[in-house]
Amino acid sequence: PIFMVFHDAGGAGAVEPLIEHLQRTYDCTIMAYDTAASILHGVVVERKLSISHGEAVRVLQARKPRLVITGTSTSGDTIDRAFITAAKTLRIPTLVILDYWGNHRVRFEDMAGHHLACLPDKIAVMNEDARREMVADGIPQERIAVTGSPRFESIAKKVYDRRILREDIGRRYSLDTGKQWLLFFSQPYMAAYGGKQGSREKTGYTEKDAAQCLMEALDGKNV
């Protein structure tokens, strides 16, 4: 059996394409916080708002998984941290699948800020850049494996399978095929922090502010 647990939506989204594949072969249990559960479609999810270390230990003792897979969270008393430490207590192997570049140290700290207190046995990262950044942040390199991102690979596969060519995309979105294209992705800061004001108070900007800065920087360029 495999026990999978997610707190943040980003961590769940990164692993979601892998879940269906694993369920074909293994008995998988999925537990998630509300924000993560909301994006996991087509699978049975046990929702959990919070859990103590002791309760997480008892859950794993009852389920008897051979592997615990989690996403990561940037801060707080999260259920993924609780299950990583519980699995370590029970000597159950743990695998974390990273979804984002940055905030590496804090992802594996406990509530008291103890460095690497929630470090899993292995961390699967998107590329060599992520591996280098984690090592620079003090994550032991023997714990890190460059595997690629299940989410990015699923997107690339869909594009390839549908044979969406540059000309097709250009016609669909009225883009000039003679220019370079730039696709801007962002965290949904306004949704996460209660609107424009909340986002600016928390991060100093919104995703729209970042997009506007990008547009200004590209002004006059052949993009």
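Predicted model: local features only at pLDDT ≥ 70, side-chain atom pairs only at ≥ 80, totals over all residues.
1. An α-helix has 3.6 residues a turn, so residues three or four places apart point the same way.

2. Lysine 64 follows α3, and the phi of lysine 64 is positive, near 55°. A reader checking the end of this helix can look at that residue.

3. The model has 10 salt bridges in total. Side chains of opposite charge can pair when their charged atoms come close. The cut-off used is a side-chain nitrogen of Lys or Arg within 4 Å of a carboxyl oxygen of Asp or Glu. The points below take up three of these pairs.

4. One of the salt bridges joins aspartate 34 to arginine 47, with 3.2 Å between the closest N and O atoms. Aspartate 34 belongs to helix α2 (residues 34–37) and arginine 47 to strand β3 (residues 46–47), so the pair ties together parts that are 13 residues apart in sequence. Aspartate 34 has 35% relative accessibility and counts as partly exposed, whereas arginine 47 is exposed, with a relative accessible area of 52%.

5. A second pair is aspartate 99 with arginine 107, whose closest N and O atoms are 3.7 Å apart. Is arginine 107 buried or exposed? Its relative accessibility is 4%, so arginine 107 counts as buried. The cut-off for that label is under 20% relative accessible area.

6. Glutamate 128 forms a salt bridge with arginine 131, and here the closest N and O atoms are 2.6 Å apart. Both residues lie in helix α6 (residues 128–136), three residues apart, about one turn of the helix. Glutamate 128, at 33% relative accessibility, counts as partly exposed. Arginine 131 also counts as partly exposed, at 22%.

7. Of the pairs described, aspartate 34 and arginine 47 link a helix to a strand, while glutamate 128 and arginine 131 both sit in helix α6.

Terms used
Residues numbered from 1 in each chain as written. Heavy atoms only, no water. Helix = DSSP H or I, 4+ residues; strand = E, 2+ residues; numbered from the N terminus. Buried < 20%, exposed > 50% of the residue type's maximum accessible area, 1.4 Å probe, protein only.
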